[in-house]
Amino acid sequence: MTSDRRITDDQRLLDLEHSEEWKQRAAWRVMKFQAEFVEGFDVLEAADLGDAVCVYGSARTVVDSEEYKLGVDLGRKLGEAGFSVITGGGPGAMEAANRGAYDAGVKSVGLGIELPFEQGINEFVDIELDFKYFFVRKVMFLKYSCGFCALPGGFGTMDELFEALTLEQTGKVGKFPIALIGTDYWGGLVEWLRASMLGDGKISTKDLDLLLVTDDLDEAVAHMQQSRSAQSSARS
Ligand SMILES: C/C(=C\CNc1ncnc2c1ncn2[C@@H]1O[C@H](COP(=O)(O)O)[C@@H](O)[C@H]1O)CO
């Protein structure tokens with residue numbers, strides 16, 4: 001039986017076992033990271049996205065499910081409010097948000113990632129980039145977005161969400177809004193953050209205030225807009 005899995009560049013990078021040849025050339029890997037940064041900055045600067053909101057969410061959300069519809073509505077409402085929409089360019093919730101943005105006629109960006117199995121960018125993306133390295137791609141999400149919405153998701157969504165939260169908590173980035181969409185889905189996590197993390201003194205109350213949890217897409221979009229107004233008045 002043949003396997004359609006391939007070895008990706010980041011797997012090679014993170015693998016503990018390396019050939020002698022790889023060891024000798026390891027430092028040169030940095031040129032590959034550099035190339036991804038250069039291409040990412042080039043394409044996204046030229047794209048002139050204006051205010052963009054990044055939507056994270058599950059790659060496994062089923063097309064035509066209520067959750068998928070929520071993603072489409074979110075992308076559309078963000079678009080109608082004048083935001084470009086950035087996603088990971090994959091299937092599920094990412095596709096849904098790109099679809100909504102595409103329908104609204106705003107820039108719909110997909111920052112794809114090379115995976116061990118064939119995938120491709122969803123068809124509702126009109127500005128596309130493909131990354132080999134997750135860490136380079138994450139810089140692009142953060143640099144080109146003025147706010148973040150997380151639809152229900154798994155480890156990938158959690159990783160992206162907590163990176164945004166950590167950067168904001170530690171003051172590495174200015175203030176930007178983060179909305180978790182779906183109180184049933186996110187409520188348990190937020191309750192745990194409050195009871196365990198806050199209860200045990202691992203975070204402070206103001207850290208929890210960084211998160212808006214809502215079922216109301218208009219509230220989420222308004223949250224993104226409030227921050228846009230605050231940022232533009234801070235600049236002027
Ligand atoms: C699992 C499947 C495909 C995975 N394809 C992905 N394409 C693009 N981006 C992805 C993919 N998987 C994860 N991501 C990133 O993480 C978030 C979603 O991860 P989750 O674990 O599903 O929550 C998402 O925001 C992406 O940036 C086969 O269907």
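Let's start at Cys 149, which stands opposite Ala 179 in strand S6. The chain crosses from S5 through helix H7 to S6, and this β-α-β crossover is right-handed; that is, with the strands pointing away from the viewer, the path from the first strand over the helix to the second runs clockwise.

A quick word on what you're looking at. This is a predicted model, where local features need pLDDT of at least 70, side-chain atom pairs count only at pLDDT 80 or more, and totals for chains, interfaces and linings use all residues. Residues are numbered from 1 along each chain as its sequence is written.

Back to S5, residues 147-150. S5 and S6 (residues 178-181) run parallel and are joined by 3 bridges. S5 also pairs with strand S1 (residues 52-56), again in the parallel sense, over 4 bridges; two strands pair if DSSP finds at least two bridges between them. Within that pairing, Cys 54 has Phe 148 as its bridge partner. Which way do the S5 residues point? Gly 147 and Cys 149 go one way, Phe 148 and Ala 150 the other, and all are buried. Buried here is 20 or more other C-beta atoms within 10 Å of the residue's own, exposed is 12 or fewer, and partly exposed is in between, with C-beta atoms placed from the backbone.

Now the ligand. Around the ligand there are 20 residues, and the closest are Gly 88, Gly 90, Gly 153, Gly 154 and Gly 156. A residue belongs here if its C-beta atom, placed from the backbone, lies within 6 Å of the molecule. Strand S3 (108-113) and H7 (155-169) each supply at least two residues of that shell, and H7 gives the most, with 4 residues.

Next, helix H5, residues 93-104. After H5 comes Gly 105, whose phi is positive, near 80°.

Last stop: Leu 115, in the loop between S3 and strand S4 (127-131). Leu 115 counts as partly exposed because it has 14 C-beta neighbours inside 10 Å. Leu 115 and Gly 88 are 27 residues apart along the chain, and their C-alpha atoms are separated by 12 Å. Thanks, everyone!
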